[in-house]
Structures are given as C-alpha cells and as structure tokens.
Amino acid sequence: MDPSKELPPGILPVPKDSGLETPDDRRREVRTPHKAVLVMPYGEGVSSGFEEANLADCSRRGVGLILARPLRPGLHLFLKLKLTTIALVVYSIKHCRPIDEGFRIGADFCGVIGSDADRASSADVILAALLST
C-alpha cells in the first residue's frame with residue numbers, strides 16, 4: 001500500500017506479504033505474460049480479417065492484447081487457438097487505451113466456436129492453449 005495514502009481511523013494497512021487482497025487489488029486472477037496470436041474483431045461497423053496481435057497477458061477469464069489499432073469496447077473478437085482442433089475463442093472487449101507499442105486491449109472470455117470437444121473446453125484448457133502458443 002502506498003504510504004502517502006491516508007487510511008480512515010482504525011483501519012490498518014494490509015502488509016503486501018500477507019496473502020490477503022486489499023481494495024486496491026483489481027485483478028481477480030494472476031495474469032501470465034505471453035505473445036503472438038491471431039485475432040479478428042467483429043461487430044457492427046467492423047469489417048476485418050485476421051491480424052497479428054501480441055498477447056500481453058492472459059488468465060482463465062480474459063486476455064490483454066496489444067494491437068496496432070484501437071478497438072472500441074463492446075465489440076467482440078475471435079482469437080484463433082489450437083484446442084483439440086483449430087478453434088475461435090470469443091472475447092468481449094472491455095477497454096482500449098493507447099500505449100507506446102499501439103493499443104492495449106482488455107477482453108473477457110465469452111465462449112468457443114469449434115468442435116463439440118472444443119466448445120466443452122474448460123477455462124484451464126483454454127489458458128493452457130494460450131500459454132502454449
């Protein structure tokens with residue numbers, strides 16, 4: 001916790017090594033950095049093919065991508081991924097902000113388009129596939 005932030009009377013700071021989350025902890029899960037994926041945005045007013053993106057981080061619930069162009073929140077995108085076959089993992093874009101390398105996009109997992117086995121893939125299977133790309 002930042003010592004410059006004052007806490008209300010009677011509230012003690014949580015030590016960083018306590019293993020407990022503080023109100024400043026926004027992430028629900030640990031993110032694992034990784035790179036190189038193919039994505040295709042889709043939605044109203046979007047006409048696009050697959051394009052390369054950097055997978056900045058990933059978790060069981062979502063991905064952080066770096067793209068050369070911005071994508072507006074509310075759009076969806078396909079992320080091409082090898083599960084039992086090649087499948088399209090669907091994500092909903094939650095935020096997009098400019099960074100030095102392009103645009104940082106955060107997206108939440110929505111589902112899988114693919115074979116019956118791919119559609120039944122657990123979040124752990126999808127995370128493992130993301131990490132192996």
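Guide: A residue is called buried when its relative accessible area is under 20%, exposed when that area is over 50%, and partly exposed in between. The model here is predicted.

Visitor: Why is Asp57 called buried?
Guide: The relative accessibility of Asp57 is 10%. The limit for buried is under 20%, so Asp57 counts as buried. Asp57 belongs to strand β2, residues 51-58.

Visitor: What makes the link between the side chains of Asp57 and Arg104 a polar contact?
Guide: The two side chains come to 2.5 Å from each other. A polar contact needs an N or O pair within 3.5 Å, with one atom able to donate a hydrogen and the other able to accept it. The side chains of Asp57 and Arg104 are therefore listed as making a polar contact.

Visitor: How many disulfides does a search of the whole structure find?
Guide: The search finds 0. A disulfide would need two cysteine sulfur atoms within 2.5 Å, so a count of 0 says that the search found no such pair.

Visitor: Are Cys58 and Cys96 buried or exposed, or something in between?
Guide: Cys58 has a relative accessible area of 0%, so the term for Cys58 is buried. Cys96 stands at 25%, and is therefore counted as partly exposed.

Visitor: How many aromatic pairs are found in the whole structure?
Guide: There are 2. In one of them, Tyr42 and Phe78 are stacked, with 4.4 Å from centre to centre and 20 degrees between the planes.

Visitor: What does the pair of Tyr42 and Phe78 tie together?
Guide: Tyr42 is in strand β1 (residues 37-42) and Phe78 is in strand β4 (residues 76-82), so the pair ties together parts 36 residues apart in sequence. Tyr42 is partly exposed at 29%, while Phe78, at 13%, is buried.

Visitor: What makes the pair of Tyr91 and Phe109 edge-to-face?
Guide: Tyr91 and Phe109 have ring centres 6.0 Å apart and planes at 75 degrees. Planes over 60 degrees apart count as edge-to-face, so that is the term for Tyr91 and Phe109. Tyr91 is buried at 1%, whereas Phe109 is partly exposed at 30%.

Visitor: Why is the charged end of Lys80 said to sit over the ring of Phe50?
Guide: The charged end of Lys80 is 5.0 Å from the ring centre of Phe50. The distance limit is 6 Å, and the charge must also be within 35 degrees of the ring normal. The pair is listed as a charge over a ring, so both conditions hold.

Visitor: How do you know that the buried residues of α2 line one face of the helix?
Guide: In helix α2 (residues 123-132), the buried residues are Ile126, Leu127, Ala129 and Leu130. Viewed down the axis of α2, they fall within an arc of 160 degrees, so they line one face. Among the elements that cover these residues are β2, β3, β4, β5 and β6.

Visitor: Is Val125 in that helix buried or exposed, or something in between?
Guide: Val125 is also in helix α2. Its relative accessibility is 41%, so Val125 counts as partly exposed.

Visitor: What does Ser92 touch, leaving out residues up to four places away in sequence?
Guide: Ser92 touches Leu75, His76, Gly106, Ala107, Asp108 and Cys110. Ser92 lies in strand β5 and is buried, at 10%.

Visitor: Why is Lys94 called partly exposed?
Guide: Lys94, in strand β5, has a relative accessibility of 48%. Exposed would need over 50%, so Lys94 is called partly exposed. Beyond four places in sequence, Lys94 is in contact with Pro73, Gly106, Ala107 and Asp108.

Visitor: In what order do the elements of the protein chain run?
Guide: From the N terminus, the order is β-β-β-β-β-β-α-α, which comes to 2 helices and 6 strands. Of the 133 residues in the chain, 34% count as buried.

Methods:
Residues numbered from 1 in each chain as written. Predicted model: local features only at pLDDT ≥ 70, side-chain atom pairs only at ≥ 80, totals over all residues. Heavy atoms only, no water. Buried < 20%, exposed > 50% of the residue type's maximum accessible area, 1.4 Å probe, protein only. Helix = DSSP H or I, 4+ residues; strand = E, 2+ residues; numbered from the N terminus. Phe/Tyr/Trp six-rings, centres within 6.5 Å; stacked < 30°, edge-to-face > 60°. Arc of directions from axis to C-beta. Contact = heavy atoms within 4.5 Å.
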